Amino acid sequence: IKTTPDNSAAAIEKYILDIGKIYEKYPSPEKTALDVLSEFVESTDEDGSALSDLTPIITQTENVVREMALMTVPSDLVTTHLDVLNALQRLMENVADILLFETDAVVAAAAVNKYEENMTALESAIAKLGELVSAKLSI
């Protein structure tokens with residue numbers, strides 16, 4: 001992550017616009033991980049093929065994490081930016097581990113258990129980032 005000492009409103013606005021551009025470039029897949037897991041649990045799928053819908057989620061999250069790691073971040077936002085980035089990375093790892101259902105059910109089950117915890121951490125980090133940005137922009 002590149003940092004800038006510029007914490008002006010213009011720098012914060014550019015940061016927000018840059019995040020928006022990342023999500024425009026890599027939009028979220030139609031289904032969420034919870035949608036896929038719900039469908040899997042409700043199905044009679046015994047080989048885990050229904051979980052293949054997790055692959056686009058993993059790919060999208062990998063791309064977002066990579067791009068966010070390359071961003072220039074105002075110094076006042078760096079810690080919270082890293083919190084968001086780390087939470088996204090943990091969620092992506094959880095989803096990837098869930099795909100191991102066929103070969104390592106224990107790892108997949110542990111990933112399902114950690115998913116909710118990591119989703120809560122992501123939501124918290126995003127909320128904190130939003131509050132920080134709002135305070136910096138006096139919104």
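A salt bridge is taken here as a side-chain nitrogen of Lys or Arg within 4 Å of a carboxyl oxygen of Asp or Glu. The structure is a predicted model, in which local features need pLDDT of at least 70 and side-chain atom pairs count only at pLDDT 80 or more, while totals for chains, interfaces and linings use all residues. Residues are numbered from 1 along each chain as its sequence is written, and side-chain values use heavy atoms, with hydrogens and water left out.

**Exercise 1. Salt bridges**

Task: State how many salt bridges a search of the whole structure finds, and describe the pairing of glutamate 117 with lysine 114.

Solution. 
Step 1. The search of the whole structure returns 6 salt bridges. Side chains of opposite charge can pair when their charged atoms come close.
Step 2. Glutamate 117 and lysine 114 meet through their side chains at 3.2 Å, N to O. Both belong to helix H5 and stand 3 residues apart, which means a separation of about one helical turn. Helices (H or I, at least four residues) and strands (E, at least two) are DSSP runs, numbered from the N terminus.
Step 3. Accessibility is classed as buried (under 20% relative accessible area), exposed (over 50%) or partly exposed (in between), with a 1.4 Å probe and protein chains only. Glutamate 117, at 47%, is therefore partly exposed, and lysine 114, at 38%, is partly exposed.

**Exercise 2. The surroundings of glutamine 60**

Task: Determine whether glutamine 60 is buried or exposed, and which residues it touches beyond four places in sequence.

Solution. 
Step 1. Glutamine 60 lies in helix H3 (residues 55-70). Its relative accessibility is 10%, so glutamine 60 counts as buried.
Step 2. With contact meaning heavy atoms within 4.5 Å, and residues up to four places away in sequence not counted, glutamine 60 touches Tyr23, Tyr26, Pro27, Ser28 and Pro29.
Step 3. Proline 27 is 33 residues from glutamine 60 along the chain, yet their C-alpha atoms are separated by 7.2 Å.

**Exercise 3. The nonpolar core**

Task: Identify which members of the largest nonpolar core touch the most other members, and which element gives the largest share.

Solution. 
Step 1. A nonpolar core is a set of buried Ala, Val, Leu, Ile, Met, Phe, Trp, Tyr and Cys residues joined through side-chain atoms within 4.5 Å. Among the 34 residues of the largest such core, Leu54 and Met68 touch the most other members.
Step 2. Two or more residues of this core come from each of H1, H2, H3, H4 and H5. H4 supplies the largest share, 9 residues.
Step 3. Leaving out residues up to four places away in sequence, methionine 68 touches Ile1, Ile22, His81, Val84, Leu85 and Leu88.
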